[in-house]
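My plan is to look up a few features one by one and jot down what turns up.

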Amino acid sequence: MIGALPELVYSAERVLKPHVRAGFLSLGYKTGGAQRGSDAFIPVEWDTALDLVASEVARVRDDFGHTALFAGSYGWSSAGRFHHARTQVRRFFGALGGFTDQVTNYSWGAGQVILEEVLGSADAVSGAATSWDAIVGHTDTFVAFGGLNPKNWHVTSGGAGHHHMPNHVRRAAEAGTKFIIISPFADDCPSDIEAQWVAPRPGSDTAIMIALAYEMVKRGRADRAFLQRTTAGFEEYVRYLNGSDDGVEKTLRWAAAIADVPITQLQDLADRIETGQVMLTAAWSLQRAQHGEMTFWALIALAAILGQIGQLGGGFGFGYGSLNAVGHGSIKGLVPTLPKLPNTQGTSIPVARISDMLEHPGREIPFRGGTVTLPDTKLIYWAGGNPFHHAQDLFRLEQLWKRPQTIIVNEQFWTSTARRADIVLPATTSVERCDIGGTSRDRHVFYMPQLIEPVGEARNDHDIFKGLARRLGIEGTFAEGRDEEQWLRHLWRQSETNAERQGITAPSFEALKAMNVWRVPSPKQPEVLLEDYCRDPKASPLNTPTGRIELVSKRIESYALQDFPAHPAWLEPDEWLGNAPDGALSLLSRQPKLFLHSQLGQTSLADQPIIVMHASDAQARGLADGQTVRVRSERGACLAKLCVIDACRRGVVAMETGPWFVGGSSGYDKGGNPNAVTHDRPTSSLAQATAAQTCLVWVEAAQADNNVQEHR
């Protein structure tokens, strides 16, 4: 991946000059959006482009108000913390007075919302995790719902100083930890450890967790002293487990039928977790499904029943199979971030509801127990992200994308989003500017020197927004009189202060530049999630209504949501293998092995998009390995190359995310983006997060003239 950076930087897809869509250049916003994606682009000078952008921003603000300006601009975009594009665009519109922002995220948005209700904060998914130093030599059984896929350990937002996960997992296995992988795919596990594999139907993990909780209570394994001291609602939850109200006992046999696995596998699993120290984990992907919040809540409830939360080797965690740095055990607060400005006259929507916003302005939707009014969006400003990669039901989004009056994009490449904009401003990549990188999950802070001059006429996002701010009279508020070097020095002083408060001597800015990498000291003690709380709940109460871990939430009950009960529950998805029509397959979309999201997707690392299928499913459809196939759903279709394997569950297929969406009026995406077929339903009315993993598709031979688009 690192070796592909030169190819990326000098890609033929680089945006080399400011460009304006031909119709927009001649008629402005009055040209309408119907030709977005098909109209030609005209190169213009920087001053012309910035004058046009500034006048459009001012016009929409003055004519329609701040909420008509959508600038949430979701995306990773850069390891550097100062030049993080989403932070820059939000700071600019904050300086302007307000805008429509996006809240939560695509990675773990459902998990964030439910953890705030159950644990009082989202720390357990956003940064806190029992470290591997507290697992190795202490954990007897490690149960990984969603798996521990090694390819996901290549990446960390902000950059990785050490790819430590393979070593930690191997050390744990050598120390005697038994790994159990619960996933439809056998490769969701490192190949160098011996693990037990359980392959349930996608969407049934919550049922398995609930049945294990029932079984532990039935066997007398529930740690009632721990539950009484640290949780709220256990006895009410037991009523659900016993079927006191719905007449359904949540037995292992009940879960085995839902998950379509042999009951002996669940009995063996119950036997394993009944004794010893047990670490329960769930991958982030599991909550990206309809009712996905319940998966994280049910895992916490099961861990609470076992009574080992806050102990070495026990408890629960999220994301060990999702990101390199989870469980690395690092000191927080040493990586600087550019401060945001308040969104005083703006609003926000759940991140995954962008298409709903464009289709239903003025509609109220439930969210976090309240309501959100979807704004009437007239201008979209995107920087550092690619919604035509990460949003669902992309053919729907493509049509709705034509509705705003103006769309502006800061972009390094001619992505699917840039090609559907009105104004495109060329931005630098991370090797064309100086920055400071890192993450609170890793023990390294990086000084990122500028390696080459900007390609073409590319400018830093900060300089683009400074030029716009000057034209709009807000430069002082936005830039505070600092250039890049001055900002980096200013931000590093904050890191030095935070380090001093924790008894750490950080290098000076000049020393950091000379070092390139500062290895942060290791924590004195292994991190154990919720250790302080479980040691003394009264002294360290959680930020929940009861101050406890909430197994039943009276606050959620007060929301009176039709699709969300007040305790962990298995709720049947609208679309899944349990009610699938003949021939339908469950599609899971997974992170690519050799690039990140849609980044590096235009390099030679990105081969033809593939779809993985069990050999028996391929044979039943008359399909052969290497064949180009058409993947279709009720939403749309895309093309992919078939990869036939045995190490997966029958009835389940998988595609990698990241291919650049081509779209158009053809009815299928030749780019091979799985979000051409996924549904844009929310997880629930509580979190309104993405449910991309709830998707049924049909796979068939492609027509002779259907070739997978060469997208690099």
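**Before starting.** Helices and strands here are DSSP runs, at least four residues long for helices and at least two for strands, and they are numbered from the N terminus. I also remind myself that this is a predicted model.

**Entry 1: the second largest pocket.** I began with this pocket and noted a volume of about 1200 Å³. Its lining is made of 33 residues, and those closest to the centre are Arg81, His84, Trp108, Ser126 and Ser157. Which elements supply at least two residues each to this lining? I found helix H4, residues 85–96, and strand S4, residues 100–103. H4 gives the most, with 3 residues. Sorted by class, the lining holds 16 polar, 10 nonpolar and 7 charged residues.

**Entry 2: the cavity.** How many cavities of 30 Å³ or more does a search of the whole structure find? The search gives 1. I wrote down about 40 Å³ of space for the largest cavity. Gly127, Ala129, Ala325, Val326, Gly327, His328, Gly329, Lys332, Arg441 and Glu527 line this cavity. By class, I get 4 polar, 3 nonpolar and 3 charged residues in that lining.

**Entry 3: a sheet.** Then I turned to the strands. I traced an open sheet of 5 strands, with parallel pairing, in the order S7-S6-S5-S9-S10. Which strands stand at the edges? They are S7 (195–198) and S10 (315–318); each has a single partner strand, so one side of each is left without a neighbour in the sheet. On average, neighbouring strands of this sheet are turned by 20° against each other, direction ignored.

**Entry 4: cysteines.** Last, I checked for disulfides, and a search of the whole structure finds 0. For cysteine 638, the nearest cysteine sulfur belongs to cysteine 695 and is 9.2 Å away. A disulfide needs two cysteine sulfur atoms within 2.5 Å, and cysteine 638 is in none. Is cysteine 638 buried or exposed? Its relative accessibility is 0%, so I list cysteine 638 as buried. Cysteine 434 has 15% relative accessibility. The cut-off for buried is under 20%, so cysteine 434 counts as buried too.

Key: Residues are numbered from 1 along each chain as its sequence is written. This is a predicted model: local features need pLDDT of at least 70, side-chain atom pairs count only at pLDDT 80 or more; totals for chains, interfaces and linings use all residues. Side-chain values use heavy atoms; hydrogens and water are left out. Two strands pair if DSSP finds at least two bridges between them. Axes are lines fitted to C-alpha atoms, for helices over the stretch in contact, and angles run from 0 to 180 degrees between N-to-C directions. On a 1 Å grid over the protein atoms alone, a cavity is a set of points where a 1.4 Å probe fits but cannot get out, and a pocket is an open set with protein on both sides within 12 Å along at least five of seven lines; lining residues have an atom within 4 Å of a point. Grid points are joined across faces, edges and corners, and a volume is the space filled by probe spheres set on the points. Ala, Val, Leu, Ile, Met, Phe, Trp, Tyr, Cys and Pro count as nonpolar, Asp, Glu, Lys and Arg as charged, and the others, Gly among them, as polar. Buried means under 20% relative accessible area, exposed over 50%, partly exposed in between (1.4 Å probe, protein chains only).
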